[in-house]
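Me: I have a new model open on my screen and would like to learn how to read it. Could you walk me through it feature by feature?

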Amino acid sequence: MTNVNRRNWLKSSLTMTAGLMTMGYAGASTKFEEGSHIESILPKKDRYARLTSNENPFGPSASAKKALKAAIDDSFLYPREYRQTLMSLIAKEEGVTEDHILLGAGSSELLHAAARVYGGANGKVLSADPTYTSLVRSAEMMGSEWVKIPLDKQFDHDLSTMEYKVKPDISLVYLVNPNNPTGKIMTGDEIISFCDTVSAKVPVFVDEAYWDYMENPKGSTTTACIKKGANVIVARTFSKVHAFAGLRVGYCIAQPEVIKKLAKEGPRNTLSGPSMSAATASLVDYEFIKYSVKMNNEGKKFVYDVLEKTGHDYLPSHTNFILFPIAMESEDFKKKMLAKGVGIKSMNVAGQDYCRVSMGKMEDLEMFADAFKQVISTKINQS
């Protein structure tokens, strides 16, 4: 992150996000809050390494910025043409017709729409735990039950148990691939086989927010199931590899009758013309996507080396963040890192404390490494 003073960083962050979003990865033994009360403990430093929210610091692309600026002059118009252009391009890229596509302001709107369609007092949403919980939390707020299937000892989805637990009263199965906060994946063969089988009984929603960072994205997506007619919903976002976290563009792919249901409960013309124009440019900027992935992989390699040299295990990641266990209470660790100007996320899973660090520019990761070594050195000296 470029150098900014504390006051200006806070002002710009709050303006862009209208307050930091709170989101939990929470099972019976898991507590992980996104951005909770961070403003009250920000360090009084000129520089802050924001490695908290899995943002992509290398974009948006030059082509997206150019399209964004060009579209501003048309901002007095309702953005029908921009919407149609983006819809047509997504349909072409995904190999489906436009009635299979629904746009949203990021994928969050689409997750909440699914919660409204498949949740309610009689709903039961089945998912892994821990995972990204925006959808299941929304469903719970509407009276649904969250059926949690713990990840296995390797932090992988226990797909056989999940399939076994799919009973007639389950209203939706929710999968995140790659998973957040672990960064692990279900391979294309295993998740496609699961979706083909389970979607014959109950709708399956697959959140592919970090899909672009996988080694073989096109071989790992479950859009193939949709093309075969399966009752599968796939959500994508421009917030990660395209670096649109502040521009808010996402979409989902599903059967046309499902799209109609989601549209009734979800987003209606919530995207701006400039954002959709920028997304249209970014979607086919394959060189920028390759660049983003390359820079992200270089960042992961640097952090892996830091963790290995300090004797820390970690989960190899297929995303733009890394999860690793720490020998310190998670909240204490987060506060000590923040006091040194480095923001990270922390959690406790089944009694073990973890840190999740997002990839940033190399100067931010170097700042993380220095702070991390100092914090764990303090812990060792106190032991």
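Me: Let's begin with the cysteines. How many disulfides does the count come to?

Reply: Keep in mind that this is a predicted model. The general idea is to look at the gap between cysteine sulfur atoms, with 2.5 Å as the cut-off for a disulfide. Here the count comes to zero disulfides. Take Cys225: its nearest cysteine sulfur belongs to Cys195 and is 5.0 Å away, and Cys225 is in no disulfide.

Me: Is Cys225 buried or exposed?

Reply: For this you read the relative accessible area, and anything under 20% counts as buried. Cys225 counts as buried because its relative accessibility is 0%. Cys252 is buried too, with a relative accessible area of 1%.

Me: And Cys195, which residues is it in contact with beyond its neighbours within four places in sequence?

Reply: They are Leu175, Val204, Val206, Thr222, Cys225 and Val232. Cys195 also belongs to the largest nonpolar core, which has 43 residues. Within that core, the residues with the most contacts are Cys195, Ile101, Leu103, Val173, Leu175 and Val232. Another core lies apart from it, with 25 residues, including Leu51, Leu307, Ile322 and Phe372.

Me: Now a loop residue. Where is the place of Thr319?

Reply: Look for the elements on either side. Thr319 sits in the loop between helix 12 (286-309) and strand 10 (321-325). Leaving aside neighbours within four places in sequence, its contacts are Pro178, Asn179, Gly183, Tyr210, Tyr213, Asn296 and Lys300.

Me: Finally, the whole chain. How many helices and strands does the protein chain have?

Reply: The protein chain has 14 helices and 13 strands. Of its 383 residues, 55% are buried. For contacts with a separation of 6 or more, 72% join residues 24 or more positions apart. The accessible surface comes to about 17100 Å², and carbon and sulfur atoms hold 52% of that surface.

Methods
Residues are numbered from 1 along each chain as its sequence is written. This is a predicted model: local features need pLDDT of at least 70, side-chain atom pairs count only at pLDDT 80 or more; totals for chains, interfaces and linings use all residues. Side-chain values use heavy atoms; hydrogens and water are left out. Helices (H or I, at least four residues) and strands (E, at least two) are DSSP runs, numbered from the N terminus. Buried means under 20% relative accessible area, exposed over 50%, partly exposed in between (1.4 Å probe, protein chains only). Contact means heavy atoms within 4.5 Å. Accessible areas come from the Shrake-Rupley method with a 1.4 Å probe; for residues, only the protein chains shown count as cover. A nonpolar core is a set of buried Ala, Val, Leu, Ile, Met, Phe, Trp, Tyr and Cys residues joined through side-chain atoms within 4.5 Å.
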